[in-house]
Amino acid sequence: MPESSREYLQCGHYRLAVAGDAARPLVMGILNVTPDSFSDGGQFASLDLALSHAEQMIADGVDIIDIGGESTRPGAPPVSEDEELRRVMPVVFALRDCGKPLSVDTRRPKVMREVLAAGADMINDIEGFRDPDSLAAVSDSDCAICIMHMQGEPQSMQQSPHYDDVVGEVGEWLRERTSRAIAAGIAAERICIDPGYGFGKTAQHNLRLLARQQDLQHATGLPLLVGLSRKSTIGLITGKPVEHRMAGSVAAALLAVTNGASIVRVHDVAETVDALKVWRAVRSAG
Ligand code: 9MG
């Protein structure tokens, strides 16, 4: 397992082992409640479908469920705050006693406050808590937060991403954002960091970050959460459209864990859980 200096991630009333003897790589399952979701084509837009998808993920061995009401696909149109709440809140209410930590993927402080009051355990902000009110929205709770790096805005971030030293710059940005979160009263044991694969990065940037992922983890000493599932870099390497990227995504998840990730955010929970069981069996035999 990664050499995070933190052995646990406090996640609401859950304490997740992320390093050390008690830890194993954790699987965060993606539950999109967006009609325009890039990989499920709106399949889980209704509450019933979202709940049966969540039940299936639980049966498949998911560790955290990440609920999102706004598509983060490059160029996706933003949804209004009311629409985001309308999509996400019923799912949080319905799943809050499901026995798994609930994460909500949002960048809006009002949505953060409402989902935490409704029982969510984690806030996953693809903007890394840039909104001036966002740290205040989470500071009074015991939820985990995921601080993700993104260069630019979702609408334009893939137009011309540029870095002189992608690993150094992303690491420095994550370190700086983490310090701000701690200064805002959020305990380090509640924080995980994420390089934000595909968010203002070319395929070369993503591959460089994946190859050097341990450096990011060492930059903060905090657990790493990563998402590569079905992303365009997998499509570029394999030549496959989004609906045929499962094998490439599982391979990327294994590499991410080998290179220090504690949590992998995935669409294909059952396949990733099995692959990680094999990974662990081999690691513990060594
Ligand atoms: C919401 N979302 C889409 N991709 C993501 C990624 O790579 N990491 C995190 N934390 N969230 C993501």
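In this predicted model, strand E4, helix H2 (residues 81–95) and strand E5 form a β-α-β unit of right-handed sense. E4 spans residues 64–68 and is mostly covered, and its pairing with E5 (residues 102–105) is parallel.

**Burial of E4**
- Of the 5 residues in E4, 5 are buried.
- In a regular strand, side chains alternate between the two faces of the sheet.
- Both faces of E4 are covered: one side carries Ile64, Asp66 and Gly68, the other Ile65 and Ile67, and all of them are buried.

**Ligand shell**
- The residues around the ligand include Thr72, Asp105, Ile126, Cys146, Met148, Phe199, Leu225, Gly227 and Arg265.
- By class, the shell comprises 5 nonpolar, 3 polar and 4 charged residues.
- Strands E7 (144–148) and E9 (224–227) each contribute at least two residues to this shell.

**Polar atoms at the ligand**
- Asn124 places a polar side-chain atom 2.8 Å from a ligand nitrogen atom.
- For Asp194, a polar side-chain atom lies 2.6 Å from a nitrogen atom of the ligand.
- Lys231 has a polar side-chain atom 2.6 Å from an oxygen atom of the ligand.

Notes
Residues numbered from 1 in each chain as written. Predicted model: local features only at pLDDT ≥ 70, side-chain atom pairs only at ≥ 80, totals over all residues. Heavy atoms only, no water. Near = heavy atom within 4 Å. Polar contact = N/O pair within 3.5 Å; in protein donor to acceptor, adjacent residues only side chain to side chain. Helix = DSSP H or I, 4+ residues; strand = E, 2+ residues; numbered from the N terminus. Nonpolar A, V, L, I, M, F, W, Y, C, P; charged D, E, K, R; others polar. Buried < 20%, exposed > 50% of the residue type's maximum accessible area, 1.4 Å probe, protein only. Pairing = 2+ DSSP bridges. Right-handed = clockwise from strand over helix to strand, strands pointing away.
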